[in-house]
Amino acid sequence: MEKELYIRRHKDYAVFSKIFAGPVDSDTKQVIINLFNNLIIFARQMQDESLKNSLEFVIDFLQKNNEEELNRIYTSLFVSGGYGKILCPVESFYLDNTGQIMGEKRDAVFEIYVKNKLSLVKTFKEQEDHIAAELSYISIKNKEILEDNYIQQLLDNNINEQYIFIKNHILPLIHYFILDLKKYDKSMLYFETACIIKKYLEYDFIKSYG
């Protein structure tokens with residue numbers, strides 16, 4: 001059972017990371033739909049109607065829109081500012097109170113990656129405290145658990161590191177990011193997706209380990 005938990009976390013957080021790492025292509029679209037269909041079952045079990053509605057909205061939106069349209073939406077939000085503002089889902093932009101993107105929050109996250117002997121892949125052009133990088137970090141930490149064969153001390157340390165990282169970094173970022181998405185995401189695709197991820201984080205970690 002524990003193994004299934006860490007396999008799920010490794011895969012799910014990797015999908016969440018892909019959603020914000022770049023425009024959703026056809027392959028990624030199907031992966032998201034498959035995951036969100038599974039999460040609908042969980043939402044029903046938890047009797048969380050708002051989560052279920054958000055999941056159904058995103059699935060329906062992805063099924064109705066092709067790769068070209070999804071690329072246009074991503075570009076409008078995160079590249080061109082076509083919806084009124086270029087959104088920048090990085091911690092230092094929202095949480096350093098400077099409006100800069102290479103701030104103290106980036107440095108803090110970068111130190112955590114260095115401690116874990118991790119670095120961004122060369123094809124990823126954003127900075128270390130970008131939401132996609134932070135979600136990928138949680139995916140990698142769960143992969144480490146599988147490779148460590150559940151040695152208890154390593155397991156405890158790993159889970160504690162994930163909990164602290166999510167609580168101190170990802171949740172504060174996604175909170176403010178959602179506020180901007182609510183205002184500027186005319187498609188509602190990324191707003192609803194960010195709300196889904198926030199609830200997932202709360203169910204998966206905060207209510208389990210907090």
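In which helix is the place of Glu4? Glu4 sits in helix H1. Helices here are DSSP runs of H or I with at least four residues, strands are runs of E with at least two, and both are numbered from the N terminus. The model is predicted, so local features need pLDDT of at least 70 and side-chain atom pairs count only at pLDDT 80 or more, while totals for chains, interfaces and linings use all residues. Residues are numbered from 1 along each chain as its sequence is written, and side-chain values use heavy atoms, with hydrogens and water left out.

Glu4 has a relative accessibility of 55% and therefore counts as exposed. The classes are buried (under 20% relative accessible area), exposed (over 50%) and partly exposed (in between), computed with a 1.4 Å probe on protein chains only. Glu4 and Lys64 are 60 residues apart along the chain, and their C-alpha atoms are separated by 32 Å.

Empty space was examined next. Rolling a probe the size of a water molecule over the atoms shows where empty space is left. The search used a 1 Å grid over the protein atoms alone. A cavity is a set of points where a 1.4 Å probe fits but cannot get out. A pocket is an open set with protein on both sides within 12 Å along at least five of seven lines. Lining residues have an atom within 4 Å of a point. Grid points are joined across faces, edges and corners, and a volume is the space filled by probe spheres set on the points.

The largest pocket has a volume of about 350 Å³. It is lined by 18 residues, of which Arg8, Asp12, Leu39, Phe42 and Tyr200 are the closest to its centre. Helices H1 (2–21), H2 (26–45) and H9 (189–209) each supply at least two residues of this lining. By class, the lining of the largest pocket holds 10 nonpolar, three polar and five charged residues. Nonpolar covers Ala, Val, Leu, Ile, Met, Phe, Trp, Tyr, Cys and Pro; charged covers Asp, Glu, Lys and Arg; the others, Gly among them, are polar.

The second largest pocket holds about 250 Å³ of space. Its lining has 13 residues, and the closest to the centre are Ser119, Leu120, Val121, Ser136 and Ile140. H1 and helix H7 (131–147) are the elements that give two or more residues to this lining. H7 provides the largest share, five residues. The lining of the second largest pocket divides into 10 nonpolar, three polar and no charged residues.

One cavity of 30 Å³ or more was found. The largest cavity has a volume of about 40 Å³. Ile19, Val24, Ile32, Val58, Leu62, Leu189, Tyr190 and Thr193 line the largest cavity. H9 gives the most, with three. Seven lining residues of the largest cavity are nonpolar, one is polar and none is charged.

Thr193, one of the residues lining the largest cavity, is found in helix H9. Thr193 counts as buried because its relative accessibility is 3%. The side chain of Thr193 reaches the backbone oxygen of Leu189 at 2.7 Å. Not counting residues up to four places away in sequence, Thr193 touches Ile19, Phe20, Phe36 and Val58. Contact means heavy atoms within 4.5 Å.

Two loop residues were also examined. Lys85 lies in the loop between helix H4 (67–78) and helix H5 (91–95). With a relative accessible area of 25%, Lys85 is partly exposed. Its side chain makes a polar contact with the side chain of Asp180 at 3.0 Å. A polar contact is a pair of N or O atoms within 3.5 Å; within protein, one must be able to donate a hydrogen and the other to accept it, and residues adjacent in sequence count only if both atoms are side-chain atoms. Leaving aside neighbours within four places in sequence, Lys85 is in contact with Ser76, Leu77, Asp180 and Tyr184.

Glu128 lies in the loop between helix H6 (104–115) and H7. Glu128 is buried, with a relative accessible area of 12%. Beyond neighbours within four places in sequence, its contacts include Arg106, Phe110, Tyr113 and Leu120.

A disulfide is a pair of cysteine sulfur atoms within 2.5 Å. By this rule the count is zero. Cys88 is in no disulfide, and the nearest cysteine sulfur, that of Cys195, is 19 Å away. That distance is too far for a bond. Cys88 counts as buried, at 19% relative accessibility.
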